[in-house]
Each structure stands twice: as C-alpha cells, then as structure tokens.
Amino acid sequence: MTADPSSPGTSFAALHHRPGEPLLLPNAWDHASAAALAARGFAAIATSSLAVAAAVGLPDGEARTREHTLRLALALGSEPYHLTVDAEGGFADDPEEVARLAQELWTVGAVGVNLEDGLGPSGLLAAKIAAVKAAVPGMFVNARTDTYWSGDGDERDTLRRLDAYRQAGADGLFVPGLTDPARIAGLVRRLDAPLNILHSPAGPTVAHLADLGVARISLGSLLYRRALGAALDAMADIAAGRAPGGTTPSYDEVRALERSVSVSRSANSTE
C-alpha cells in the first residue's frame, strides 16, 4: 500500500516541508482548547499525553490512557484542522497492537501520531513504526527519542536511534529536551527527515528555530500547564481581593466553541 497523494495525511506532511516556516504545533486536551486554537489560525492541532492523563487522574507514560486518547481523537478528528495524536509508545509493546491503534486513529480522522522510545530498545520502536506504516501508509509518524529528555544527551545514541526510526519509515524525528542551537543545526544537516523540537521558554525562540532549519515546533504540555497555572493565579487574585488578570473568554465565547463542534458533528453525520 502507498499513501494517497490527495489525502489529508499528505497535506499535513507538506506542512513540515516549508523552508524557514516551521509548523508551530499547539497541543490541546479537549474540544474547547482545540477549537479555540484552531480559531486562531493554527492549521494543525496535536494532543498532549500528559494533559490527557492528568485530566482523568492517571499517570503519563505508563500506557494507561489508550481509550481516553481514542475518545479524544474521536471528538476532534472530524474537525476542520489536521489532528496528530500523542500516543506515548503506542500503549503496547506488540507492534501489531500499535498498528491497530494507528488504524483506529486514522479511521476517526487523525492524520498523525507521535510515538516515543522512552529510552527503551530502539529496535522495539522501529518495529512499531514499520508496523504502523505498513498498516496506515498515509499516517504521518513522528518518532521521538528521549536521549535528551530523559537520558544524558549522548549524541551518538541520539543519531543511532534517529537513523533506526527513519529507516523503519518514520516521517518526522523528534528530540525533545534539546535546546542547544549548534546541536540542533547539526541534526538538521545530518537528518534527511523533518526535525521536531519541543519549544522551551528558556530555549531558542520560534524565529531562531526557523533559522536553524527546524521543521516542526511542538508545545507539548506547556499550554495545559499554563492553563492550570492561570486558574491558580486567578484564585490567588480573587482571594486577595484583586481582579484576576489575563485573558478570560466570555460565557458566550465558550458556548460558541461548543456549538461549532455540534454543527460539525451534525454535518458529518449526514454525509
């Protein structure tokens, strides 16, 4: 099987190949956050595994949120933006089970999936990637290595893992935790696939990452954590007798997001 050049997955992939214009990818956690971000002009929305897990009181990274992730993908997949799903390590060690997950995500409208190695054996993630691409050729697979995120930043190990994932069929390569501009530029030159970097408030700006040749900039759980922080700050202000600062969407503005989802679902149900 080969990918359909007219499919949504192909147009999503094209967003990773615009020199000097990286895909700035916000991560949502529910209908409202995704719809609000899309209304601001973001053509693609990702989910956040931490946000999905935290919202239901489960740990992130322990393969316990498969069904919650699928439910969120079902809720968002029919919306008029590209959806890519953060699926931890695929919620299984069996590559065929991960491929079935990818098929389910594709069926509900997701065009991308992010799979991570968690510093486990690179061969395992490579096998998962190969299984996903065989089952769903049009799915954009973003392969994440945690050598900087959770390891010691060993460059040789990073390259070895990224090479293995690319050879297995990964469409994009993700190295969260890497913020050094020289190392980022070196990876861009070394790799033959789009490089994804996790935005860090203390790291290079979006403009700087664009100049370095980065193709995709993810926000990860940052927006979700900022939303929680804003809620805590608002309560502190109210308790102290101050008006809370920051942006506060009106009741009607939030209901408008809800209605847009309802209309979209109704329209899709008649096709």
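Here are a few exercises with worked solutions on the charged side chains of this predicted model.

**Exercise 1. Find which helix holds K133 and where its salt-bridge partner D171 lies.**

Solution. Start with the contact itself: the side chains of K133 and D171 form a salt bridge, with N and O 2.9 Å apart. Now check the cover. Buried means under 20% relative accessible area. K133 has 18%, so K133 is buried. D171 has 21%, so D171 is partly exposed.

**Exercise 2. Work out which two helices are tied together by E155 and R183.**

Solution. First look at the pair: E155 and R183 make a salt bridge whose closest N and O atoms are 3.5 Å apart. E155 is in helix 7 and R183 is in helix 8 (residues 181–190), so the bridge links parts 28 residues apart in sequence. Then turn to accessibility: E155 is partly exposed at 42%, and R183 is partly exposed at 36%.

**Exercise 3. Decide whether D192 is buried or exposed, and locate its partner R166.**

Solution. Begin with the geometry: the closest N and O atoms of the D192–R166 salt bridge are 3.0 Å apart. D192 lies in the loop between helix 8 and strand 8 (195–198) and R166 in helix 7, so this pair ties together parts 26 residues apart in sequence. Exposed means over 50% relative accessible area. With 58%, D192 is therefore exposed, whereas R166 is partly exposed at 30%.

**Exercise 4. State how many salt bridges the structure holds, and name the residues linked in a network.**

Solution. The total is 13 salt bridges. For the network, look for D117, D157, R160 and R161, which are linked by salt bridges.

**Exercise 5. Compare the separation of A55 and E104 in sequence and in space.**

Solution. Along the chain, A55 and E104 are 49 residues apart; in space, their C-alpha atoms are 22 Å apart. A55 is in helix 3 (residues 49–55). Finally, A55 has 54% relative accessibility, so A55 is exposed.

Technical notes
Residues are numbered from 1 along each chain as its sequence is written. This is a predicted model: local features need pLDDT of at least 70, side-chain atom pairs count only at pLDDT 80 or more; totals for chains, interfaces and linings use all residues. Side-chain values use heavy atoms; hydrogens and water are left out. Helices (H or I, at least four residues) and strands (E, at least two) are DSSP runs, numbered from the N terminus. Buried means under 20% relative accessible area, exposed over 50%, partly exposed in between (1.4 Å probe, protein chains only). A salt bridge is a side-chain nitrogen of Lys or Arg within 4 Å of a carboxyl oxygen of Asp or Glu.
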